[in-house]
Structure formats: C-alpha cells, structure tokens
Amino acid sequence: MSINRVPLLRPMRARDIDEEHRAATPLELFFDLVFVVAIAAGARELHHGLAEGHLDAVLGFTMVFLATWWAWMNFTWFASAYDCDDVVYRVLTFLIMTGSLGVAAGVHDMFVDGQSTILVGGYCLMRLAMVALWLRAAAGHPERRRTCLTYAAGITLVQAYWVARLLVSGEEAVVATFFLGMALELLVPWVAERNGRTPFHPHHIAERYGLFTIIVLGEVILSIVIALEGAFRHPTGDLVMLVLGALLVVLSMWWLYFKRDHADLFHSSRQRVIFLIGYGHLFVFASVAAAGAALAAAVDVVTHHAHASPQFAGLALGVPVAAYCVVLAGMHAADDGSALTMVPAALTGLVVLVVPLLGLSMGLTVLLVGLALAAAVVQHVLSVPGDLPDATA
C-alpha cells in the first residue's frame, strides 16, 4: 500500500518551468471548489437584482468578483512557481480557503452598502496568508528574494488600506475607495516583478485556468437545473425553449473556450500576450458567472417570479455572452497577431445583443442566443483545416 507522507517543512524552491507531466494537484482542485462558493454568492445576489430589474446589482457583483478573482489568481500563479506541498504550505492554503468563505459570507452586505467587515476580514486573511507564502519563497529562492519580499511588503500595505477603508461612508466614497484599493492590488505585481520575474509552468497555468472556467460554468448548469425543474412541474413552450437555449449556451461556451490550447498562449515569448491572457480571464470568468445569473433571472421571468421585462433579462444574458466571445477572440488575436480572428466573435456578439431588442418572448430570446453561440461553434469546426493532427492519436 502506497502512503503519501507529507513533510512538515521543506525548502520552498522555484519549480522547474519545464517539468514534465505537471498537473493540478488535489489541493488546487479543492482550492477552486471552495473559491467558487464566493463566486456563487455573488452570482446569487446578481440573479436577484437582475430579476427585479436593478442594474446597480452589476456594481456589487463586479466588486465581489474582482476581490475573489484577484485572490484566486495570485495564489494560482504563486503555486505554479513555488508549490512545495509540505504541511505548512497546506495549512497556509487552508487559511486562504477559509478567508474565501468569509468573503462569501459578506457578499450580501457588500451588495447592500458596499461595505462588509466580515468580507474584508476574510479577504485580509487570504492576502496575509499569501504574505507568509511569499516570505517562505524569499527564503527558499535567493535569486528572486527581492521580488518575493516586495510582494510581501506590498500586499501587507494594501491590507492596511482595506481595513482603514471600513471607516469610509457614503455610496460614492465607498465605491471610489474600493476601486482605488483594487488599483493598488494590481500595482503590487507590476512593482514586484520589475525586480525579476517569478517562474511559472505554462501547461500548469493553462490547466488551472481551464479547470476554473469549468467550475464557473457550473453556475450556468445550476440555472439550467432550476429551469428543468420548472419545465417538468409546469411545462410551457416558453420554458422548454429556455431550457434548450440555456443548454446550447453552456455547451457552446465550453466548446469555444477549449477550442484552443491555452498553454501555447502562456508559452508566448511576448510578455504582453501572457499579460493579456492572464488578466483577460477576469472577463471570461465574470462573463460566465454573470450569464448564469442572467439565465436564473430569465427563469424567474418565464415563471412570473420577476419584475424585470424579457428585454431586460435578455440583455442581461446577451451582454456577458457577447463579452465572453469577444474577450476570448481578443486573447487569441493578440497571439495570432491578426484582427481577423476577431471577426466571427464580433458578429456573434452583435447577434446576441440584437436578439433581446426584438421584443420576443423570454424563452425564444434565450433559444436564439443559444443558437447564435452554437453557430459560432459550427463556424469554428468548419473553418479548422481537416489535416490537423488527431489529438487523441
């Protein structure tokens, strides 16, 4: 019997960026699963806001999603560089996961008035655990000690800002100081990496991003399940069309994302492309989660549990779907160096934005959005040369 013995402490040295068979670990998969709880909490609040026709829910969702995504991405790239899988590393990772639950618990308060003590507490716990990890990396990787220490110092200072921000009141001030805080968070890597870039494994990073995309797509699946329950209990033509359209949306989103090997993009010799792919996924993840919330609101419209109009709910779906298509194509175009890559995505985005304006029923609107995405998949399949190597061979 094989027993996996985990040492209490081992040196946190840089991982080999050319390491073969580097894959996501069970801890990383668990990490993603816990983090998606915070995303689900934000999507739930967005769903309720959209169902009532309240656009201000988009701002609350944006704020929650930014904080969650940033903490997830920071750990993901760190782990690609320095995962040493000892007891201390696992415990610090558990602290980050625990902090994400605090973020999830504070989502409602954040939507109500833009402030939440428990959310800030959970977020600071996540980030300060990252400080401990960066200090360990500084000790184990002398060549990048200055980079790691800059990360640790920068993150600590920004957490002090978040705590002080709890004293701020007034809607405009709360929103402005939030985005200032996020700008400071984004500034930390820019300053730190100027001292020397931390290593990362392109295939490992690509897999981590792909797995997180799949987990966020689960939010869309949940909306479909809710619609299916209603279709079986009180079947109507509109609800059936909504279910079919929602299925086409989620299946097409999956296909469009995995139509390309993103590891090649992270392998790019151009740092600008890596930056666009890494940060551009913010809009991919957020668009998927927002589409799930919009579909849930569409179900409420069809079942007469919402005050929003079919046109409003349709646009709430069309906007994130269009953003998803355009952002994905934009990342690919940045690597290809050709704007032609954007053309099919731009046309698909235009269609899904126009359909909700036609004044159709909710179910038919969702079905047509789904068909537009399915058409984009068909276009991709037909446009790919037939002599490409078989990936299964």
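Author: Of the contacts in the protein chain with a separation of 6 or more, 82% are accounted for by residues 24 or more positions apart, where a contact means heavy atoms within 4.5 Å. The model is predicted, so that local features need pLDDT of at least 70 and side-chain atom pairs count only at pLDDT 80 or more, while totals for chains, interfaces and linings use all residues. Residues are numbered from 1 along each chain as its sequence is written, and side-chain values use heavy atoms, with hydrogens and water left out.

The chain has 14 helices and zero strands, both being DSSP runs numbered from the N terminus (helices H or I of at least four residues, strands E of at least two). Buried residues, those under 20% relative accessible area with a 1.4 Å probe and protein chains only, make up 52% of the 393 residues.

The pair to examine is helix H6 (residues 145-165) and helix H7 (residues 171-192), which pack with their axes 8 Å apart and at an angle of about 175°; the axes are lines fitted to C-alpha atoms over the stretch in contact, and angles run from 0 to 180 degrees between N-to-C directions. H6 is therefore roughly antiparallel to H7, a label for angles over 145 degrees. On the H6 side the contact includes Tyr-151, Ile-155, Trp-162 and Arg-165, and on the H7 side Val-174, Phe-178, Leu-184 and Val-188 are among the residues involved. Sorted by class, this contact holds 14 nonpolar, six polar and two charged residues, with Ala, Val, Leu, Ile, Met, Phe, Trp, Tyr, Cys and Pro taken as nonpolar, Asp, Glu, Lys and Arg as charged, and the others, Gly among them, as polar.

Gly-114 is found in the loop between helix H4 (107-113) and helix H5 (117-140), and it counts as buried because its relative accessibility is 7%. With the same exclusion of residues up to four places away, the residues that Trp-134 touches include Cys-148, Tyr-151, Ala-152 and Ile-155. Trp-134 is also one of the residues with the most contacts inside the largest nonpolar core, which has 126 residues; such a core is a set of buried Ala, Val, Leu, Ile, Met, Phe, Trp, Tyr and Cys residues joined through side-chain atoms within 4.5 Å.

Technical notes:
Buried means under 20% relative accessible area, exposed over 50%, partly exposed in between (1.4 Å probe, protein chains only). Angles under 35 degrees count as roughly parallel, over 145 as roughly antiparallel, 65 to 115 as roughly perpendicular and the rest as oblique.
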